[in-house]
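Have the structure open while reading.

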Amino acid sequence: GFYTEVTRRVGALPLSRAGLLAALIAVAGALSAVFSNDIICLAMTPVVARLCLRRGLDPLPFLVGLACAANIGSAATLIGNPQNMLIGSVLQLHFGGYLRQALPPVLVSLGLLWWWLAYGPGARKGAPELAGAVGVAVPQEDEPAFDPWQTTKGLLVATALLFIFLFTDWPRDVAALVGAGVLLLSRRLHSSHVMGFVDWPLLLLFMGLFVVNHAFERTGLAAEAVAWLAAHGVALGEPGPLVVAGLLLSNLVSNVPAVMLLLPHVPGEAAGVALALVSTLAGNLLLVGSIANLIVADLARQSGVDIGWRQHARIGFPVTLLTLGVVAVWLFWRF
């Protein structure tokens with residue numbers, strides 16, 4: 001119940017529409033950097049949808065903003081999303097070194113997302129009587145009850161793991177498995193109960209993406225395309241071509257399979273940082289660019305809010321261009 005409790009407390013704050021957007025973007029971005037963007041979207045979407053409806057606010061910008069904030073925030077660390085985990089493990093990137101390089105453009109990008117949603121063209125307002133600084137209590141309904149003891153244990157383990165990642169050279173995968181083992185062994189929860197929380201259709205979607213990705217890789221077309229680009233003087237390891245390739249592929253096959261296709265052709269730490277930032281932020285462009293977007297759209301539909309391609313693109317397209325512009329300037333200055 002930790003994520004939903006955090007979201008409910010944010011919703012209970014006496015904030016204006018712009019203030020509420022800022023708080024939700026900050027919370028979603030920060031939590032995604034530590035606990036993965038897909039998890040944050042899965043837990044927060046139903047609560048945010050009900051919060052907006054009870055306040056009389058248009059939930060669409062809040063929900064799309066949640067997905068965008070989770071994606072952007074997850075780019076700050078090597079554990080924020082699956083593609084960053086893959087890049088960090090394959091290229092053996094230093095956790096603290098990546099954080100120092102990724103955090104500045106991520107913070108600026110979160111600020112740009114808030115500005116666009118709060119004051120950009122077409123920014124939507126709620127009902128006049130609820131658009132001011134008010135707080136609304138969100139009912140718990142079918143969500144798990146908040147457990148302070150389990151939450152404290154989880155946060156202590158997460159803090160210990162972050163300390164290990166930042167200040168030691170211990171293997172990150174082994175440390176994470178030990179942390180998971182400590183949490184699983186310290187509570188009484190039947191395995192069948194745990195399996196009941198698994199989102200099987202989402203896993204099936206992931207499997208389908210990897211099957212298509214592997215089939216495409218086996219055709220040799222990806223290698224031929226890279227060779228053709230290299231013959232014409234276009235190197236994928238350079239920031240410019242990498243931004244374009246990451247943007248196109250992430251919105252064609254989603255950003256995790258896109259990274260799997262591009263990673264074998266990306267040499268060195270600088271290119272790895274660029275690929276992690278570009279592939280993650282490019283996922284905001286279209287609804288299929290990121291699994292987090294699809295999670296938000298699916299759960300929003302269950303709450304009575306329809307997020308289609310056009311509705312998402314009206315926010316995702318300008319936000320992606322603005323944030324990728326920030327990343328491009330940052331990469332050019334750094335590397």
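A cavity, on a 1 Å grid over the protein atoms alone, is a set of points where a 1.4 Å probe fits but cannot get out. Its volume is the space filled by probe spheres set on the points. The model discussed here is predicted.

## Cavities

How many cavities of 30 Å³ or more does the structure hold? There are two.

Around the second largest cavity lie Asn37, Asp38, Pro82, Gln83, Asn255, Val256, Ser290, Ile291 and Ala292. At least two lining residues come from each of helix 3 (37-55), helix 5 (82-91), helix 13 (255-262) and helix 15 (291-302). Asp counts as charged, and Asp38 is among the lining residues.

## An open pocket

A pocket differs from a cavity in being an open set of points. The second largest pocket has a volume of about 330 Å³. It is lined by 20 residues. Nearest its centre lie Ala222, Ala225, Val226, Leu249 and Leu262. Helix 10 (200-218), helix 11 (221-231), helix 12 (239-253) and helix 13 each give two or more residues to the lining.

Which helix gives the most to the lining of the second largest pocket? Helix 12 does, with seven residues. The class count for this pocket is 18 nonpolar, two polar and no charged residues.

## Overall fold

The protein chain has 16 helices and zero strands. Its C-alpha trace spans about 60 × 50 × 35 Å along the principal axes. A compact globule of 335 residues would have a radius of gyration near 20 Å; the protein chain has 20 Å, so the two agree. Of the 335 residues, 47% count as buried.

## Aromatic pairs

A pair of aromatic rings is described by the distance of the centres and the angle of the planes. Centres within 6.5 Å make a pair. The count by this rule is eight aromatic pairs. One of them joins Phe95 and Phe165, with ring centres 5.3 Å apart and planes at 45°. Planes under 30 degrees apart would count as stacked and over 60 as edge-to-face, so the rest are tilted. The Phe95 and Phe165 pair is therefore tilted. This pair links distant parts of the chain: Phe95 is in helix 6 (residues 95-119) and Phe165 in helix 7 (residues 148-167), 70 residues apart.

Phe163 and Phe167 form another tilted pair, with ring centres 5.0 Å apart and planes at 50°. They are four residues apart in helix 7, so about one helical turn separates them. Phe167 has 59% relative accessibility, so Phe167 counts as exposed; the cut-off is over 50%. Elsewhere, ring pairs link Phe2, Tyr3 and Phe35 into a cluster. A charge over a ring also occurs: Arg9 lies over the face of Phe146, at 6.0 Å from the ring centre.

## Two single residues

Ala276 is in helix 14 (residues 268-282). Its relative accessibility is 0%, so Ala276 counts as buried; the cut-off is under 20%. Ala276 and Leu263 are 13 residues apart in sequence, and their C-alpha atoms are 9.8 Å apart in space.

Gly325 lies in helix 16 (residues 309-334). Gly325 has a relative accessible area of 32% and is therefore partly exposed. How far apart in space are Gly325 and Ser109, 216 residues apart in sequence? C-alpha to C-alpha, Gly325 and Ser109 are 9.4 Å apart.

How values were computed. Residues are numbered from 1 along each chain as its sequence is written. This is a predicted model: local features need pLDDT of at least 70, side-chain atom pairs count only at pLDDT 80 or more; totals for chains, interfaces and linings use all residues. Side-chain values use heavy atoms; hydrogens and water are left out. Rings of Phe, Tyr and Trp (its six-membered ring) pair if their centres lie within 6.5 Å; planes under 30 degrees apart count as stacked, over 60 as edge-to-face and the rest as tilted. Buried means under 20% relative accessible area, exposed over 50%, partly exposed in between (1.4 Å probe, protein chains only). A charge sits over a ring if NZ of Lys or CZ of Arg is within 6 Å of the ring centre and within 35 degrees of the ring normal. On a 1 Å grid over the protein atoms alone, a cavity is a set of points where a 1.4 Å probe fits but cannot get out, and a pocket is an open set with protein on both sides within 12 Å along at least five of seven lines; lining residues have an atom within 4 Å of a point. The radius of gyration is taken over C-alpha atoms; the globule rule is 2.2 Å times the number of residues to the power 0.38.
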